[in-house]
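Here's a quick briefing to read alongside the model. Keep the sequence and the 3D view open as you go through the points.

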Amino acid sequence: MQCQTVLPGTECTFWSKKGCIFEGSSCQNVIEACEGCERIVDGSIGPVCSVAPAPLAKWGQGLCNFATHQKVEIKTDDVKVNPLKASKKAAAGKR
Ligand code: SF4
């Protein structure tokens, strides 16, 4: 259903016939870590996230997985390949 309070007219899974069913009956504002993210939109309570109602919780376990301004860096240099296993895998693939 469409939100009627923070982002009026926006489809939201938390809006029901009884109103907003999210914790506290409202989205929460973005936090400092969100600064620069393209998903920030202006709501009636100030800047909010267009995909996550609780930005603070999105950052609780580290980097927000929806963030557009920061990405997880995966280091491939540290991956060590066991030459014996690699050789066996390659041989298995040739059958
Ligand atoms: S997607 Fe994540 S980083 Fe971006 S505004 Fe929402 S909560 Fe913040």
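Ser26 counts as partly exposed because 18 other C-beta atoms lie within 10 Å; the scale calls a residue buried at 20 or more other C-beta atoms within 10 Å of its own, exposed at 12 or fewer, and partly exposed in between, with C-beta atoms placed from the backbone. Keep in mind that this is a predicted model, where local features need pLDDT of at least 70, side-chain atom pairs count only at pLDDT 80 or more, and totals for chains, interfaces and linings use all residues. Numbering starts from 1 along each chain, as its sequence is written.

**Ser26 and its surroundings**

- Ser26 sits in the loop between strand 2 and strand 3; helices (H or I, at least four residues) and strands (E, at least two) are DSSP runs numbered from the N terminus.
- Beyond its neighbours within four places in sequence, Ser26 contacts Thr5, Val6, Cys20 and Ile45, where a contact means C-beta atoms, placed from the backbone, within 7 Å.
- Phe14 is twelve residues from Ser26 in sequence, and their C-alpha atoms are 9.1 Å apart.
- Ser25 is in that loop too, between strand 2 (19–20) and strand 3.
- Why is Ser25 exposed? Ser25 has 11 other C-beta atoms within 10 Å, so it lands in the exposed class.
- Have a look at the backbone of Ser25 as well: its phi is near 55 degrees, a positive value in a residue other than glycine.
- For context, most residues other than glycine have a negative phi.

**Cys20**

- Cys20 belongs to strand 2, and it counts as partly exposed because it has 19 C-beta neighbours inside 10 Å.
- Setting aside neighbours within four places in sequence, Cys20 is in contact with Thr5, Phe14, Trp15, Ser25 and Ser26.
- Cys20 and Asp77 are 57 residues apart along the chain, with 47 Å between their C-alpha atoms.

**Strands 3 and 4**

- Strand 3 (residues 40–43) pairs with strand 4 (residues 46–49) in the antiparallel sense, over four bridges; strands count as paired if DSSP finds at least two bridges between them.
- Which residues link the two strands as partners? Ile40 has Cys49 in strand 4 as its bridge partner, and Gly43 stands opposite Gly46 in strand 4.
- A hairpin through two residues takes the chain from strand 3 to strand 4.
- As a rule, side chains in a regular strand alternate between the two faces of the sheet.

- Arg39 is in the loop between strand 2 and strand 3.
- With 17 C-beta neighbours inside 10 Å, Arg39 comes out as partly exposed.
- Not counting residues up to four places away in sequence, Arg39 touches Cys49, Ser50, Val51, Phe66 and Thr68.
- Arg39 is 38 residues from Asp77 in sequence and 32 Å from it in space, C-alpha to C-alpha.
- Lys71 falls in the loop between helix 1 (55–58) and helix 2, and it is exposed because it has 9 C-beta neighbours inside 10 Å.
- Lys71 and Ala52 are 19 residues apart in sequence and 17 Å apart C-alpha to C-alpha.

**Around the ligand**

- Which residues come nearest to the ligand? Of the 13 residues around it, they are Cys34, Cys37, Cys49, Cys64 and Phe66, with "near" meaning a C-beta atom, placed from the backbone, within 6 Å.
- The shell has eleven nonpolar, no polar and two charged residues; Ala, Val, Leu, Ile, Met, Phe, Trp, Tyr, Cys and Pro count as nonpolar, Asp, Glu, Lys and Arg as charged, and the others, Gly among them, as polar.

**The chain as a whole**

- The protein chain has two helices and four strands, running β-β-β-β-α-α from the N terminus on.
- Its radius of gyration is 22 Å, whereas a compact globule of 95 residues would be near 12 Å; the radius is taken over C-alpha atoms, and the globule rule is 2.2 Å times the number of residues to the power 0.38.
- Along the principal axes, the C-alpha atoms fill a box of roughly 60 × 30 × 20 Å.
- Buried residues make up 14% of the 95 residues.
- Among contacts with a separation of 6 or more, 35% are between residues 24 or more positions apart.

**Confidence**

- The protein chain averages a pLDDT of 91, and 96% of the residues score at least 70; pLDDT is the predictor's confidence in each residue, from 0 to 100.
- Confidence is lowest in helix 2 (residues 83–93), at a mean of 81, and highest in strand 4, at 98.

Notes:
Contact = placed C-beta atoms within 7 Å.
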